[in-house]
Structures are given as C-alpha cells and as structure tokens.
Amino acid sequence: MENTMMTLGKRIRFRFGTWNVKTLYQAGKLAQAGRIMERYGLNFMGMSEVRWNQCGQMVTTNGHLMLWSGMPNENDVHQYGVGLLINRSIRQSVMDYRFISERIMLVRFRGTARNITVVQCYAPTEDADNEIKEAFYDVLNSTLASVPKRDLLILMGDFNAKVGSDNDAIEHVIGKHGVGEMNENGELLVECCGLNSLKIGGTMFPHKKCHKVSWVSPDSRTENQIDHICVSAKWSNTLLDVRNKRGADIGSDHHLIIGDLRLSVKTVPNRKTNLRKKYEIAKLKSDAHRSAFSTTLREKLANTNEQNEHNIQQSWERFKEAVTTTCKEELGIAKNRAQDFISPDTWSIIDRRRNAKSAINTATSTQDKARAQQHYNIIDRRVKREIRNDKREQLNALARQAEAAAAVYNMKDLYTITRKISNTSKSRNVPVKDKNGVLLTNVEDQLKRWREHFQEVLNLRRDGIEVPQIRAVRTLPIRTSPPTKKEITDAIKSLKNGKAAGIDSITAEVLKADVNLKTEALHPLFAQVWEQEST
C-alpha cells in the first residue's frame, strides 16, 4: 500500500489558529505550543511575538515543522518575531514560504482546486509612532498584492486593532459581531482589508463576548478583540467559524484564536518513502547479540547459495535481502529517541496551570478573579522554575554521559554529546540565497541555484592558460586477477564505524560482524562482477 500524506483541499472541516504567545525564547515553550496544537486538532498555528532572531526552519521532536522570521541579526534584542507551526500531517503540502520581516511572513500550501496562502503578522501597538505603523502596512499591502489571485488568502495575527461592531459602509470588510469601538489601528486594518478584498472573520459569527475577545488585562478588568483572522472576501463562505479557546494556556495574556474552513484533503505520495532504514547496531557490541546475528545470517546465506543464481543483480539482491532481514529480526529498527526534556511531573504542573486559567475564566466576581489570578501566577512561576530545573538536569545527564564516553575513549559519542550541550546540533535550516542575496524558499529555485553555482565553480574559463604536456608513464605491474578473500577481508576491516549507510541500509558495523562470513558470501559475487565487467 502506497504511503501517502495529506495536502489541503475541499469538503472537510480544516482547523487552524493564531496566537500571541508573548515569547518562545524560553525553554520548553515550543514543546508546549506543539502539545496545544495537537490538543485542539490544528493543522497549523500562527504565532506572534516569537522573539527568535534571524529566520529559518526546524523540525520539532514531534515531527512538526516550525518556520519563523525575526530580527535580522543573532545579537539583536529578542523582540517581535512571527512564526508558523505546521502539523506533521501536512508538512509535505508546503509549497513556498517567504520571510518578509520580523513582523510579517508568508507560507503557501498546496490545495486541490486552489492553493492557500497564509500571512502571519504582528502589528505595532496603538502607542507606536505613525511612521512605524505606516511602514508596516506598506510592507503588508505589497506582500498581499504579490499573492496569486486564485489563492485562498488567510491573513492573521496580532494586529493590536479593535474594529468594533459598527459596520456602516464597510459591510464588505467586517460583520456585526465585533467587540468594542474601532481604534486607530482598527482603521488601518479595515483599510488594508478593503484594499485587498479581505473580510475579518471574528466579526462574522455571533458568539458570547467571552468567546470573541483575544486579550485580557492582568487585572482581568479589560478585554479586547485585537487578534484577528481575515480571509478572501469571495471565499468567506468557506469560513465556518472563528472564536477563541480560553482553555489553551501557554503563559500568555492572549487567547488562542481558531478558525474552521471547509476544505478538502488530497492524498499525494510521501516524498520520504524510500528513506534508509536505521538498525540498532549498538546491540552488536554484545557477544550474545553478535553471535545470534551471525547464526541467523549464516542460515539465510546458506539458503541463498543453494539457489545458485548466475545473474549479478539477483545475486546481490539476495545477499542484501539476507543481511537486511537479519538486521531487522535480530537488531530491530532504531527508534527516534528525540524527546522533550520536560519531565512528566512538570507536564502535570502545566496541566494544573491550565486548570487555574479555567478558574479565572469561570470566576464571576472581581474578588474571585483576583484570587484565581494570584493562584495562576504562583503556578506559572513554578512551571518556569521546574522547566529550568528539567533543562539543567538534562545538561547534567549529558555531561555525565560525556565523561563516561571520554573514560573509554569513545570519541564519537563524546563529540555528539558535546554538540548537544553547546546547542550546535539543532537543525535550523536557512534557505539558500540567489546572487542578489534574496532567500530562495522554493525547492525548484534552490536546485536551480545550486546548479548555477556548480556550473560556475566547476567550469572555469581557461583562456590563455597553457596546459602542460604529460610525460609518458611506464606501465606498472598491476595484478588484474579478481580480488582475493584476503583483500575483501582487509577492505571490510578498514571501513570506518559510525558512518551513514548507503541505499542498501548496510553499515560498516554490520559487515564487520563476522567478517569471514561476509567475505565468503561476497567473494564469488565480486569475482563474477570482475569477470563480466558489469554491475
């Protein structure tokens, strides 16, 4: 059965969200965001005030894809920043993404009838200078203008904008179910949506006020609707609902805003179906496992030799099949052990903090809200303290592992652990740039740029360069007979451990386990290749 992945498309409820998380520049915050996205069944979740500098992409321990755009330099103050956390089920549907600035980013998804473009924003506050606001909306308008007209456009994020419920003369932009009165930022957002044919989804659906507000002041006395989800006006009938989820908690004073769209699911081949298998080769260090591995492989190779195959490719396939099936049976497939450092006890405290937030939401009197808020603050401080302790314990455990590896001169594990401790092994892939320094996020554009690069590097012009004449070299007495068993044994023993396997998934450690057995199996195959001069 062909392995498939989902991409965006037609008639199911497709759920997404946007949230001002206040910061991801704290240990454990990204892991919490991933759990919340899974809990609410979101396909992607936009985030404002990420506070990660520079831009790039990374895959979380749960397989979700994180894209972010922040301040241009690593040493800049950690402020602003936007990001999009994409569920692992639709990672393959990402077509393109652009990091516009520390306040704007764009991601394009592949759909069935039409593609979907998502623009995540973090707008300046109401108190910001007018020049900053105008500059932000100038960039935002130019970004929205670049979106293909056939795409379903979703604009979302923290706009710090109150649009209110008075929609006279602007019914094409907002509905009748907004909260409060329009402020200056709200006027700018309405103007932007009008220019780009967008409709503000949070004003279209009748909900209680507590289910429409997105920000609550620390004293719980002021509530505003300043985070918004906007969609293309001509496709606004596909938007089924927009509301907040007050139960979601990440230590922010903003609520998670979710939207439901009527879309379809399309199955496409998974691009990762032919990945090499990784086996638990560490078991071969044990004499018992190595002996069992050799016994099983010897039996399988004996059955293979009885078939007396004369075709080289079939002989190799039978050898490879015998080795890989033995690895799977005796060693097992290596599991991805990457996991969050947060302990189960800390996760339980995080759940208690979520329950404390629910108590704030359900409190009826001012005094009850104040007591509930005080209790929440106490648990929130404890969560941060326990996460720091978990991070410290993880580093201490890695340090102990590094000491143990150094004691037995295991340099491979020592350097691997050192990279983890120094945080240099984290996969943060930054897209390649073209000759003008523009980021290339499309796979085809990246491949084209690499092709251009190597054509320039490897095809140098040699005009005016004299090529020296090569003197005749005497013929050396090289033996041309097929390789001997001793040569094959020496070649296997010279292989370096810890290297990635080829497309056959057979590592050096597997070949070195009972070298004589592998030599006996490979010698007639190599002789056959040598004599027929074919592979």
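This is a predicted model: local features need pLDDT of at least 70, side-chain atom pairs count only at pLDDT 80 or more; totals for chains, interfaces and linings use all residues.

Reader: Which side chain meets Lys22 in a salt bridge?

Author: The partner of Lys22 is Glu49, with a distance of 3.4 Å from N to O. Lys22 belongs to the loop between strand E1 (4-20) and helix H1 (29-39), and Glu49 to the loop between strand E2 (44-48) and E3, so the pair ties together parts that are 27 residues apart in sequence.

Reader: Are these two residues buried or exposed?

Author: Buried means under 20% relative accessible area. Glu49, at 7%, is therefore buried, whereas Lys22, at 26%, counts as partly exposed. Both residues also take part in a network of salt bridges that links Lys22, Glu49, Arg51 and Asp253.

Reader: Where in the chain do Glu329 and Lys300 lie?

Author: Glu329 is in helix H5 (residues 312-331) and Lys300 in helix H4 (residues 287-306), 29 residues apart, and the pair links distant parts of the chain. Their side chains meet in a salt bridge of 3.4 Å, N to O. Glu329 is exposed, at 51% relative accessible area, and Lys300 is partly exposed, at 24%.

Reader: How many residues apart are Glu452 and Arg449 in helix H9?

Author: They are three residues apart, which means that about one helical turn separates them. The side chains of Glu452 and Arg449 form a salt bridge of 3.6 Å, N to O. Arg449 counts as buried at 16% relative accessibility, while Glu452 is partly exposed at 29%.

Reader: Which residues make the nonpolar surface patch?

Author: Trp450, Phe454, Val457 and Leu458 make this patch of about 430 Å². Phe454 is found in helix H9 (residues 443-458) and is partly exposed, with a relative accessible area of 44%.

Reader: Let us turn to the strands. In what sense do E3 and E4 pair?

Author: To read a pairing, one looks at its direction and its bridges. Strands E3 and E4 (residues 65-69) pair in the antiparallel sense over five bridges, and Cys55 stands opposite Ser69 in E4. The two strands form a hairpin with five residues between them, and Gly63 in the turn has a positive phi of about 90°. Strand E3 (residues 55-59) is mostly covered, as four of its five residues are buried.

Reader: In what order do the six strands of the open sheet stand?

Author: The order is E6-E7-E8-E9-E13-E10, with mixed pairing. Strand E6 (94-99) and strand E10 (198-200) stand at the edges with a single partner strand each, so one side of each is left without a neighbour in the sheet. The twist averages 20° from one strand to the next. Helix H3 (residues 184-195) packs on the sheet and touches E10 and strand E13 (227-232); the direction of H3 makes about 145° with that of E10.

Reader: How many helices and strands does the protein chain have?

Author: The secondary structure comes to 12 helices and 15 strands. Of the 535 residues of the protein chain, 43% count as buried. Among contacts with a separation of 6 or more, 69% are between residues 24 or more positions apart.

Methods. Residues are numbered from 1 along each chain as its sequence is written. Side-chain values use heavy atoms; hydrogens and water are left out. Buried means under 20% relative accessible area, exposed over 50%, partly exposed in between (1.4 Å probe, protein chains only). Two strands pair if DSSP finds at least two bridges between them. Axes are lines fitted to C-alpha atoms, for helices over the stretch in contact, and angles run from 0 to 180 degrees between N-to-C directions. Contact means heavy atoms within 4.5 Å. Patches are made of residues with over 30% relative accessible area and no salt bridge: like charges are joined within 9 Å, nonpolar side chains (Val, Leu, Ile, Met, Phe, Trp, Tyr) within 5 Å. Accessible areas come from the Shrake-Rupley method with a 1.4 Å probe; for residues, only the protein chains shown count as cover. A salt bridge is a side-chain nitrogen of Lys or Arg within 4 Å of a carboxyl oxygen of Asp or Glu.
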